Amino acid sequence: MTIQDVFQDGDLAASVSPQTLVVKLGTSVLTGGSARLDQAHMVELVRQCARLRQQGHQVIIVSSAAIAAGREHLGYPVLADTVANKQMLAAVGQCRLIQTWEHLFGLYGFQVGQMLLTRADLEHRERFLNARDMLQALLDNGIVPIVNENDAVATSEIKVGDNDNLSALVAILADADKLLLLTDQPGLFTADPRSNPDAELIREVHTIDETLRKLAGGSVGGLGTGGMATKLQAADIGRRAGVEVTIAAGSKPEVIQKVTAGDNAGTRFLPLESPLESRKRWILAGPPPAGDIVVDAGAITAVTQKGSSLLSKGIVAVKGTFARGEVVRILSVEGKCVARGICRYTASDLRRIAGAHSQQIADILGYEYGPVAMHRDDLVVVDN
């Protein structure tokens with residue numbers, strides 16, 4: 001059987017425009033509710049993701065089950081319930097988990113790359129940009145990112161706490177179109193389906209309120225850290241950033257394909273706004289500018305009238321001291337503010353590359369964070 005044979009049928013998402021999809025796989029999905037990894041089901045999930053990649057979509061996996069994989073690999077040792085022991089199991093299990101993903105994706109000709117994150121990596125703006133750049137580099141090179149929280153070193157102060165919320169943050173990091181939270185439940189119900197036979201699946205959610213939050217229960221499998229409540233939190237984060245979020249059963253046939261194709265395969269949460277507008281509103285309403293970049297008339301025309309990124313060639317002067325990832329103003333030589341945005345270089349770096357062509361940045365600095373000083377997706381034009 002060839003790769004073509006594997007992908008010839010059921011291409012539900014083939015006619016859909018290319019999308020970036022974050023797929024969060026809970027411990028209950030990856031273990032089938034048992035105490036060990038269910039590799040038979042994992043290869044089925046990989047097959048669906050590989051098919052999407054064949055169709056031109058980008059797929060990012062947020063994978064749980066590191067601790068479960070560690071317990072399995074060590075023969076289910078009886079351990080005291082301490083942070084150190086959990087971190088030890090995570091350290092062992094993460095190695096086992098990434099090896100499994102590498103093997104399964106390799107069956108379909110795809111390579112994987114591991115990203116281990118903590119909340120600090122996502123809340124600190126410069127580290128956020130570094131993580132975003134690395135994630136994009138993986139995608140640009142055809143590598144499937146496998147993301148998990150860095151449980152082996154994370155403390156309570158820097159933990160995201162569960163992979164549901166982590167996946168929502170990764171979706172923002174990747175500017176994803178959709179986030180799919182796969183679990184052992186078909187979605188969110190009007191009541192607890194385990195005790196109420198009249199419970200109905202909620203197909204679409206437009207508003208998350210206290211009534212809806214009360215419907216979300218906790219984890220019942222004892223294997224993971226998240227339940228329906230954390231999935232609701234993740235859905236709220238994602239939709240506020242412009243990401244469409246779906247909670248669905250990981251055992252549902254072709255569930256990943258169906259969500260990508262726009263089918264309602266579980267409970268779908270509609271986004272409030274586009275990711276671009278969400279980011280630009282943050283730039284306008286966020287922290288005060290940390291400094292100013294003075295640019296020439298050509299750069300002003302490119303930024304304000306042509307929707308272009310800010311290039312180092314157009315920079316005349318840099319005022320203030322600011323770090324990479326901070327919000328700064330773009331000023332004309334007369335001192336008028338024409339835009340605000342997130343800068344990709346520090347103030348000292350910008351002073352060194354001011355007036356230089358983009359191709360010269362790496363030679364001048366010895367490194368680069370891309371060919372532009374400020375990307376058009378990270379800036380907003382202002383009236384004054």
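**Salt bridges and their surroundings**

Modeller: Arg-329 is partly exposed, at 30% relative accessible area (buried is under 20%, exposed over 50%, partly exposed in between, with a 1.4 Å probe and protein chains only). This is a predicted model, in which local features need pLDDT of at least 70 and side-chain atom pairs count only at pLDDT 80 or more, while totals for chains, interfaces and linings use all residues. Residues are numbered from 1 along each chain as its sequence is written, and side-chain values use heavy atoms, leaving out hydrogens and water.

Arg-329 forms a salt bridge with Asp-292, with closest N and O atoms 2.8 Å apart (a side-chain nitrogen of Lys or Arg within 4 Å of a carboxyl oxygen of Asp or Glu). This pair links distant parts of the chain, with Arg-329 in strand β11 and Asp-292 in strand β9, 37 residues apart (strands are DSSP runs of E, at least two residues; helices are runs of H or I, at least four; both are numbered from the N terminus). Asp-292 is buried, at 12%.

The whole structure has 13 salt bridges. Another joins Arg-132 to Asp-378, at 3.2 Å between the closest N and O atoms. Arg-132 lies in helix α7 and Asp-378 in the loop between α15 and β13, 246 residues apart. Arg-132 is buried at 12%, and Asp-378 is buried at 2%.

Glu-44 pairs with Arg-47 at 2.6 Å. They are three residues apart in helix α3, so about one helical turn separates them. Glu-44 is partly exposed at 24%, whereas Arg-47 is buried at 13%.
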